[in-house]
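Open the model in your viewer and keep the selection panel handy. This tour goes from one selection to the next.

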Amino acid sequence: MMNDPIQVFRTEASELFEQIESGLLDLLHDLSDRDQIDAVFRGLHTLKGSGAMFGFEGLASFTHHCETAFDQVRKGEVPATEALVSAILNAQDHMKALIESPGPHHDAQSERLLLTLNAALGGSSSASADGQIAIEGKAPSTKTGSTTWRLKIRLPKNAMANGTNPLGLLNELRGVGECEITADRTSFPDFLNLSPLDLHLAWDVTLTTERSRSEIEDVFMFVIDDMQLEIQELPMRSVPAGAVGDGSAPRPPQSVETVAAGKLTDTKSGSKAGDNVKVPAERLDELMDRVGELVIAQSRLSQLAASIGNGQLRDVSEDVDRLSGELRDTMMVLRMVPVGSLFSRFRRLVHDLSRETGKTIELQTDGESTEVDKTVIERLADPLVHLVRNAIDHGLEGPEERLRNGKSSTGIVSLSATQAGGEVVISIKDDGRGINRERVRAKGEAAGLVQPGAVMSDQELLQLIFKPGFSTAEKITNLSGRGVGMDVVRRTIDELRGTIDIRSEFGVGSEVNLRIPLTLAIIDGLLVRVGDSRYVIPLSAVEECLELSLEEDIRSRGRSFISLRDSLVPFLRLRDLFATGTEPELHQKCVIVSTGNERVGLVVDQIIGDHQTVIKSMSKLHSTADMFSGATILGDGGVALIMDVNQLVLRGQSKEALMRAAV
Amino acid sequence: MTSVLETSRPDPIWPEAQQIEALLFELNRETFALNAKVVQEILDVMPETRVPGSPSFVNSVINFRGKVIPLADIRIAFGMEPRESSIDSRFIVIEVDVSGEATLVGVKADKVHEVTALSRTDSEPTPSVGMRWRQDYIHCLVKRGSEFIIIPNLQAIFAHEERLSGNGISD
């Protein structure tokens, strides 16, 4: 899949878009930020280059104009303005479309965007440049006459080893205009040190051409990141007077610009590119599967070693145990991605929403370096979009209302991530109006989600907003209020084996915390036996284990509650629930599990111990078995099902509700 | 002579060929056949793990080379008597399409016979009367000597059972 060059380009392009976008959004905060201006320019430049290389002509020529615009900003000829940045942001969306479906059907849109861009660049030149820039494929350069340039070209030593043909470059340069080429042999080593594989020559070229600087640079498009290229304009006999004034007029004669690798690639490629390897995710998944099987095989080996009792065998087994454990940990780290890559998407969303709603919003992010399994990150994107939209649409007030309530006119939405044990906590916070509990309750009753007058805890009431069909927005906006969305959040988080809790203070703001396990592939579990089968309870959910004596069991028949330090905890007899048809053990155990604030006891026959669990998903044929989130293979080759604590707690809760209703 | 059959819609069992290689196996003294192409492996009986809350027809899973796959007893789907496994019992691992996903499924068999060529010309559509079992679960019958071999319609069985389970067949 990754071998498809177009696919490679698309991947690269999406990374570039991210870079460009984050640069642009930073610029909105500080229009004079040189680093960001450079970053955006670099991104656009690379995009144009690779676009052309992979045959996306439409993209290349369109991007070229944006690049030119930013080049002017970079050189200080045109100030960076909000209008310009917005125009480029819009243009960027269009570039994505050009990559998605290249073709002439985009031309009209291209033209329209370029007009906006041009207007943003400063109306002064608009009269002459309006139509011209838009349609032309080439830069509106010095048409008025030819310019003489002086080029100093120095390729990296290993250029030829990398397949660059210097002669080809020089020939191409000859095609650009009239050339006078002299070789610079100053760095030529003496014969003894001469390595025939290295390139020791540099060249001085005097080039007379009508074409623009960027077209000269284009000759070196493929090597420009690693080479030194100096392009200097020589004083001309006939400097065209009053040139178009759009910035590409000949620069003052002495301006020397070095497009050296060091400067261009300080943050991007350079040192980092060599150290990183891109690997398709499915290969990682395969590797993960193998590691999982290894872990299983290892637990068989150690069981065997223990039963045979041979010291040497046990030594080997312990070594393999350590190694496979380390391998597993390394493997897990490989799949970890910083949350920052997820958060950065929201800056654009917030920017757009802010325009759409007329609210001034500041997005604060924290803990971007927290790492989470890649699959988890991907699955989190949608729920987070819903939550952020919701915070902006329902939570934040308009500027006037905020001022009236004694808040600053800018609403703050903050996204943060922290790691807590085996979980990552992602929190979405706003300082808006908070959740109006009466309204939530009224809506819940109207929608039939709650019995009128039912006693509910605050958390239960707040959780109502995640029920399907629930929406408190009085009017449906473009953003939210259709009653879909928040239940999607709940579902996705459940699927990720995570939990949601909400805190909200009326008038002050709300906070939603998502607790998600760091990885989906391996969990620590508590292995238990119920009847003849073994099951795994995720250790993260286990609070404590108690003994349930026979007398207590008999006494609690019919009510299924145990008292645990002054509070009553409902429990489920898994033997009954799973219909094992076996007799209860004399000493049953009760495992107390919890999700957030809800607790439930699970009565099992035996607690076997800790178990590193490689999660295997179950087929669709077992989609009704919703008490289980997956299965795992034990050391002896048997299969144990992994309990879905959320589902079991729900069952426990509904049982509790039934009991309450009966009393 | 087979013009009627030939004009019917594309057939998963008899694609273009007039003959298929089929694996014969036995369930409650009836002979069934599966296209050998979908058969991945034949396993000795191994410990199965019951999945509470799953449809009775696929109520357990087994460990097939490090994968957890469902184990189906198509007897239950057909409404036949369940049976304890014997020394001849085997699990046949096949690949079937379950709502668009190629899924490995183990199928219980009382006894596995040989792989043999079955010819389309010997096949007969399921008679609409006189069948003890659900007609739509049977793809066709093939006459072989004095007996009939049942070719089950796996697509229908698994799709249907899934639909049923969607309505909540659970305990």
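In which sense do strand β10 and strand β12 of chain A pair, and over how many bridges? Select residues 423-430 for β10 and residues 509-517 for β12. They pair in the antiparallel sense, over 8 bridges. Keep in mind that this is a predicted model.

**The chain A sheet**

Stay on this pair and pick A:Ile428. Opposite A:Ile428 stands A:Val512, in β12(A).

Now widen the selection to the sheet. It is an open sheet of 5 strands with mixed pairing. Read the order across chain A as β7-β9-β10-β12-β11. Color β7 (361-366) and β11 (499-505) of chain A: these are the edge strands, and each pairs on one side only. From one strand to the next, the twist averages 15 degrees.

Then select helix α18 of chain A, residues 486-495. This helix lies across β11 and β12 of chain A. It runs at about 135 degrees to β11(A).

**The cavity**

How many cavities of 30 Å³ or more are there? The count is 1. About 30 Å³ of space lies in the largest cavity.

To find the largest cavity, select its lining: A:Ile153, A:Leu155, A:Pro166, A:Leu169, A:Leu170, A:Leu173, A:Trp203 and A:Phe220. By class, this lining has 8 nonpolar residues, no polar ones and no charged ones. Show helix α7 of chain A, residues 166-176, as well. Helix α7 gives the most to the lining, with 4 residues.

**Where chain A meets chain B**

Display both chains. Here 21 residues of chain A are in contact with 27 residues of chain B. The area buried between the two chains is about 2000 Å². Carbon and sulfur atoms give 63% of that area.

Which residues of chain A lose the most area to chain B? Select A:Lys620, A:Leu621 and A:His622. Together they account for 35% of what the chain A side buries.

**The chain B sheet**

Move to chain B. Here 6 strands form an open sheet, and the pairing is mixed. The order is β3-β7-β8-β6-β5-β4.

Finish on strand β5 (residues 60-64) and strand β6 (residues 67-72) of chain B. They run antiparallel, joined by 5 bridges. Click B:Val61: its bridge partner in β6(B) is B:Pro70.

Key. Residues numbered from 1 in each chain as written. Chains lettered and ligands numbered in written order. Predicted model: local features only at pLDDT ≥ 70, side-chain atom pairs only at ≥ 80, totals over all residues. Heavy atoms only, no water. 1 Å grid on protein atoms, 1.4 Å probe; cavity = no way out; pocket = protein on both sides within 12 Å on 5 of 7 lines; lining within 4 Å. Points joined across faces, edges and corners; volume = space filled by probe spheres on them. Helix = DSSP H or I, 4+ residues; strand = E, 2+ residues; numbered from the N terminus. Nonpolar A, V, L, I, M, F, W, Y, C, P; charged D, E, K, R; others polar. Pairing = 2+ DSSP bridges. Axes fitted to C-alpha atoms, helices over the stretch in contact; angles between N-to-C directions. Contact = heavy atoms within 4.5 Å. Buried area = accessible area lost by both parts, 1.4 Å probe.
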